[in-house]
Amino acid sequence: MPETGELITMAGLLLAIGGFAGVIAGLLGVGGGIVLVPAFFFAFTTLGYGGPDLMQVCLATSLATICVTSLRSLHAHHRKGAVDWAILRGWAPGIALGAVAGVVVVSGLRTPVLQAIFGTLALLVASYLGLGRSHWRLGAAMPRGAARALMSPAVGFLSVLMGIGGGSFGVPLMSLYGVPIHRAVATAAGFGVVIAMPSVTGFLMTATEGAPPYTAGAVNLPAFTLVIAMTLVTTPWGVRLAHAMDPAPLRKVFAGFLAVVALNMLRTVAGY
C-alpha cells in the first residue's frame, strides 16, 4: 500500500495532466490522448513506477478516458447534426477490428518498443499539424470497398498503438477526402468510441507487471477518474479560448511541442 504523501503527489500530477489535456483538446481539436500518454509515462516514472509494462498502462488508461470523452463529444455533435453517420457506420467495423488487433499486439510488447512506436507515430502527427494544408486532397469522397477495408483497420490499429482516439488520424484522413472540418471532427468522435470501447475491454483483462497502485488489468483507476474529472472542467475553457483567438498559430506551437515530446521519448529508448 503506497504512503499517503505518495498518493497525494500522484493525485496532484494527475489533476494537472487532466487539466492540460482538456484545454489542449478544446483549444486545438486534438484528442487529449496524444498528451495523456507521455504525461502518464512522465508522472508514473517520476513516482518510481517503471515496470516493463508501464507503457501498456499509459496507453490503456488514456483509452479508458477516451471512452467517456468521445461518448460525450459524439452526443454533443449529434445534437447539432454534425456527425456523418454514413461514414461512421461504414468505417466502424474495420476500425473496431483494427483496435482489437492493436490490443493483441500491445499486450505482447514491452515498454521500450511501445515508446519507440509512440515516438515515431507522434512525429508523423506533429508533422501534419505543423505542415499540413487545408486544401490538400487525396480524393473527392471517402474511400469505399477494398480501400476502406484496408484503411479502416489501420486507423483503429495505429490509434491503439498510440493510446489515442479518432481525432489524430481520423480528422486528417477525412479532411484529405474532402469532408468539411467540423463534420470530420464530429465524426471522429464516433471513431474514438469505436476504438476505445473494445480496446479498453481487452486491456481490463490484460495482466501487467510492476504497474502503479490501483491498476485493474492495464487501466490505472485513479488516473482514469482524476483525468476525466479535470477534462470535463477544462475542455470548455479550451473551446472558449479557441473562439476568442486564432488557433492556427497555436497548432504550430503544439506541433513543435509534440515533436519535442516524441523525440525525447525516442532519445530515452536509444539510451541517450
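**Salt bridges and a pocket in a predicted model**

Asp-84 is buried, at a relative accessible area of 18%; the model is a predicted one.

Me: Why is Asp-84 called buried?
Reply: Buried means under 20% relative accessible area. Asp-84 has 18%, so Asp-84 counts as buried.

Me: What makes the contact of Asp-84 and Arg-183 a salt bridge?
Reply: The N to O distance between their side chains is 3.7 Å. The cut-off is within 4 Å, for a side-chain nitrogen of Lys or Arg and a carboxyl oxygen of Asp or Glu, so the pair qualifies. The two residues sit in distant parts of the chain, 99 residues apart: Asp-84 in the loop between α3 and α4, Arg-183 in helix α8.

Me: Why is Arg-183 called partly exposed?
Reply: Its relative accessible area is 31%.

Me: Which other pair meets in a salt bridge?
Reply: Arg-110 and Asp-53, at 3.0 Å from N to O. They are 57 residues apart, with Arg-110 in the loop between α4 and α5 and Asp-53 in the loop between α2 and α3. The search of the whole structure finds two salt bridges.

Me: Why is Asp-53 called buried?
Reply: Its relative accessibility is 5%. The limit is under 20%, so Asp-53 counts as buried. Arg-110, at 38%, counts as partly exposed.

Me: How many charged residues are in the lining of the second largest pocket?
Reply: None; the lining has eleven nonpolar and four polar residues. Phe-42 and Val-261 are among the residues nearest the centre of this pocket, and α2 gives the largest share of the lining, six residues.

Note on methods:
Residues are numbered from 1 along each chain as its sequence is written. This is a predicted model: local features need pLDDT of at least 70, side-chain atom pairs count only at pLDDT 80 or more; totals for chains, interfaces and linings use all residues. Side-chain values use heavy atoms; hydrogens and water are left out. Helices (H or I, at least four residues) and strands (E, at least two) are DSSP runs, numbered from the N terminus. Buried means under 20% relative accessible area, exposed over 50%, partly exposed in between (1.4 Å probe, protein chains only). On a 1 Å grid over the protein atoms alone, a cavity is a set of points where a 1.4 Å probe fits but cannot get out, and a pocket is an open set with protein on both sides within 12 Å along at least five of seven lines; lining residues have an atom within 4 Å of a point. Ala, Val, Leu, Ile, Met, Phe, Trp, Tyr, Cys and Pro count as nonpolar, Asp, Glu, Lys and Arg as charged, and the others, Gly among them, as polar.
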